[in-house]
Amino acid sequence: MESSNEKPSLQGFKLEGPLVFETVPGMVNALPDDVDKLVIDLSKVTEVDSSALTLFLEWQRIAESRSVSLEFINWSENMKSLLNLYNLNPILAAGSATSD
């Protein structure tokens, strides 16, 4: 039986719908704080703008402050274009899996 003080080793969740200026502010505090690794599936995101990248950078900052490994998977072509436009690919997508 696991001790109640131990973190689960992995948790994942799938983002769905638009990640835009109107929806992002309510998501800033959505990261669980009781895991060692978190995988965020982006395959069901329907619309993005630069606010999504701001959210991902903030989540990365929060994860680092909690010593949590954060990985984004299944980047859409639109999100990959934004990553490249803002030169964030090395920061956000390094080590993240993508679906083709």
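**Salt bridges and aromatic pairs**

Glu 77 and Lys 80 are joined by a salt bridge, with 3.3 Å between the closest N and O atoms; the term covers a side-chain nitrogen of Lys or Arg within 4 Å of a carboxyl oxygen of Asp or Glu. This is a predicted model, so to speak with cut-offs attached: local features need pLDDT of at least 70, side-chain atom pairs count only at pLDDT 80 or more, and totals for chains, interfaces and linings use all residues. Residues are numbered from 1 along each chain as its sequence is written, and side-chain values use heavy atoms, with hydrogens and water left out.

Back to the first pair. Both partners sit in helix 2 (residues 77-85), 3 residues apart, or about one turn of the helix. Helices (H or I, at least four residues) and strands (E, at least two) are taken as DSSP runs and numbered from the N terminus.

The whole structure holds 4 salt bridges. One of them brings together the side chains of Lys 14 and Asp 41, at 3.8 Å from N to O. That pair links distant parts of the chain, with Lys 14 in strand 1 (residues 11-19) and Asp 41 in strand 2 (residues 37-48), 27 residues apart. Lys 14 comes out as partly exposed, with 39% relative accessibility, while Asp 41 is down at 13% and so counts as buried.

Strand 3 (residues 69-73) is where Glu 71 is found. Glu 71 is buried, at 16% relative accessibility. Its side chain makes a polar contact of 3.3 Å with that of Lys 37. A polar contact is a pair of N or O atoms within 3.5 Å; within protein, one must be able to donate a hydrogen and the other to accept it, and residues adjacent in sequence count only if both atoms are side-chain atoms.

Now for the rings. A search of the whole structure turns up 5 aromatic pairs. In Phe 56 and Trp 59, the ring centres are 6.2 Å apart and the planes lie at 35 degrees, so this pair is tilted. Rings of Phe, Tyr and Trp (its six-membered ring) pair if their centres lie within 6.5 Å; planes under 30 degrees apart count as stacked, over 60 as edge-to-face and the rest as tilted. Phe 56 and Trp 59 are 3 residues apart in helix 1, which puts about one helical turn between them, and both are buried.

Phe 56 also pairs with Phe 72: centres 4.6 Å apart, planes at 40 degrees, so tilted as well. Since Phe 56 lies in helix 1 and Phe 72 in strand 3, the pair ties together parts that are 16 residues apart in sequence. Relative accessibility is 0% for Phe 56, which is buried, and 1% for Phe 72, likewise buried. Phe 13, Phe 56, Trp 59, Phe 72 and Trp 75 form one aromatic cluster.

Key. Buried means under 20% relative accessible area, exposed over 50%, partly exposed in between (1.4 Å probe, protein chains only).
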